[in-house]
Structure formats: C-alpha cells, structure tokens
Amino acid sequence: GNIRVAVCVGSLRKESINRRLALAVARLAPKEFSFEHVRIDDLPLYNQDFDGDYPLEGTRVKQQVATADALLFVTPEYNRSIPGVLKNAIDIASRPWGTNSFAGKPGAVIGTSVGTAGTALSQQHLRNVLAYLDVPLLAQPEVFIHFKDDLIDAEGHIANEGTQKFLQGFVDRYVAWVKRFHQG
Ligand code: FNR
C-alpha cells in the first residue's frame, strides 16, 4: 500500500537548502512512498493555555502527523541547536498532554548546512527530543550534508554524483526502516 511520510522542515526560508534536501530525498524514494510537507509557518507560539482550547492550526498539524505512517525531519542548525520554529511545531504536535501525535511513528533526522559540521549538533539535540516523544529513529547512516555551490536545486535535483549515491544509500535504509513498522 501507499506509505505516507510527514516531512518537517525546520526552516521557513523560501530558498531553504533543507527544503531542497527534503525534495531530493523524495525523488530518490520508491513510488509507494509519498512525502507531504507539514506547514509550520502559521503556527502560534505554543502556550499551555491552548490545552483547554487548541488553535485550529495546531489541530491541523497534529492531524497531519497523526495520520502519517512515518516521519522525516530535515533541519538546519541554528546556534548549534534546533531552530525555534521547529521546536515550537514539535511542542504543539506533542500536546495537549496525553495526545502526543508522534508516538510510535518511525522517523529519521537529516540536515544540511553551509557550515562544515553539517547540522550534526542540531540533529543530536533533535534526536534527544524525539526519543522522549517515542519516535523510533533510524540511527545510521547519519546525514550531515555540507552544502556548497549549487549542490541541490530548487526542484531537488542533486548536482554531485557522490552526494546522490550517499543519499540513495540513506533513502534505502530509511525505506527499510519504515517498512519494518508497516508490514503488509
Ligand atoms: C545559522 N547557521 C548555522 N550553521 C551551522 O552550521 N551551525 C550553526 O550553529 C548555525 N547557526 C545559525 C544561526 C542562525 C540564527 C542562522 C540564521 C543561521 C547557518 C545556516 O546553516 C544557514 O543559514 C542555512 O542556510 C540554514 O538552512 P536553510 O534555512 O537554508 O534550510
């Protein structure tokens, strides 16, 4: 059957290199996988007062995550951690208490940066958060892409053959990981 992946890109930037990376991954996946980007730019800042009366945008995101079969986080590194917009979206989808929309969904964390560390520290922080939220995460291969020149274009075409092969290896492992949770 069709396997639906909710993609959370941790950048709101129009030209986001992480969004490009997400598109590149989708291109390398088999046809039975579909990738839906989760809109996070219209979410209010999480406030625990919401829990009595959840904002519409928050309910929409929770619904999208809850109905997905798998998760893919593609995030920049901001000051050696996760961008606030991504943490906010995660906080919103994890609440109200007892309704964590992420629970049990297989996922992966990848990212790209103009810095040489390639989002390694951001991803490490994100893994910690997602472990708490009961997301079984693919451990290997880690994907720390050092973005330079026009490595990936706006449609997700990869310019460098080595990067393409490396990412294909990631996608193959990710697909196998997700399928372990969705037999038949
Ligand atoms: C950055 N950037 C950055 N890069 C990095 O490798 N490590 C870091 O800690 C940071 N910190 C950081 C903080 C802030 C506030 C900004 C705006 C940027 C640079 C970052 O990698 C670059 O802007 C990417 O283009 C961001 O990814 P998107 O938005 O293009 O997907």
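Is Arg-19 buried or exposed, going by the other C-beta atoms within 10 Å? Arg-19 is buried, because 23 other C-beta atoms lie within 10 Å; the term buried requires 20 or more other C-beta atoms within 10 Å of the residue's own, exposed means 12 or fewer, partly exposed is in between, and C-beta atoms are placed from the backbone. This is a predicted model, in which local features need pLDDT of at least 70 and side-chain atom pairs count only at pLDDT 80 or more, while totals for chains, interfaces and linings use all residues. Residues are numbered from 1 along each chain as its sequence is written.

Arg-19 belongs to helix 1, residues 17-28. Helices (H or I, at least four residues) and strands (E, at least two) are DSSP runs, numbered from the N terminus. Leaving aside residues up to four places away in sequence, Arg-19 touches Val-9 and Ser-11; contact means C-beta atoms, placed from the backbone, within 7 Å. Gly-111 is 92 residues from Arg-19 along the chain, and the C-alpha atoms of the two are separated by 9.3 Å.

**Strands and helices**

Strand 1 (residues 3-9) runs parallel to strand 2 (residues 33-37), and 5 bridges join them. Strand 1 also runs parallel to strand 3, again with 5 bridges. Two strands pair if DSSP finds at least two bridges between them. Val-5 has Phe-35 of strand 2 as its bridge partner. Val-7 stands opposite His-37 in strand 2, and on strand 3 the residue opposite Val-7 is Leu-72. Strand 1, helix 1 and strand 2 form a β-α-β unit that is right-handed: with the strands pointing away from the viewer, the path from the first strand over the helix to the second runs clockwise.

Helix 3 (residues 84-94) has the buried residues Leu-86, Ala-89, Ile-90, Ile-92, Ala-93 and Ser-94. These buried residues pack against strand 1, helix 2 (56-67) and helix 4 (120-132).

Over residues 4-147 the chain is 33% helix and 18% strand, with 27 Å between the end C-alpha atoms.

**Ligand shell**

Of the 14 residues around the ligand, Ser-11, Ser-16, Asn-18, Pro-76 and Gly-115 come nearest; a residue is near if its C-beta atom, placed from the backbone, lies within 6 Å of the molecule. The shell divides into 5 nonpolar, 6 polar and 3 charged residues. Ala, Val, Leu, Ile, Met, Phe, Trp, Tyr, Cys and Pro count as nonpolar, Asp, Glu, Lys and Arg as charged, and the others, Gly among them, as polar.

**Backbone exceptions**

Most residues other than glycine have a negative phi, and most peptide bonds are trans. The exceptions in this model include those tabulated here.

| Site | Backbone value |
|---|---|
| Arg-95 to Pro-96, cis | omega about -5° |
| Gln-140 to Pro-141, cis | omega near 0° |
| Asn-79, not a glycine | positive phi, about 50° |
| Thr-119, not a glycine | positive phi, about 75° |

Pro-96 is in the loop between helix 3 and strand 4 (107-113), and Pro-141 in the loop between helix 4 and strand 5 (144-146). Asn-79 sits in the loop between strand 3 (70-74) and helix 3. Asn-79 counts as exposed because it has 9 C-beta neighbours inside 10 Å. Thr-119 lies in the loop between strand 4 and helix 4. Thr-119 is buried, since 30 other C-beta atoms lie within 10 Å.

Terms used
Contact = placed C-beta atoms within 7 Å.
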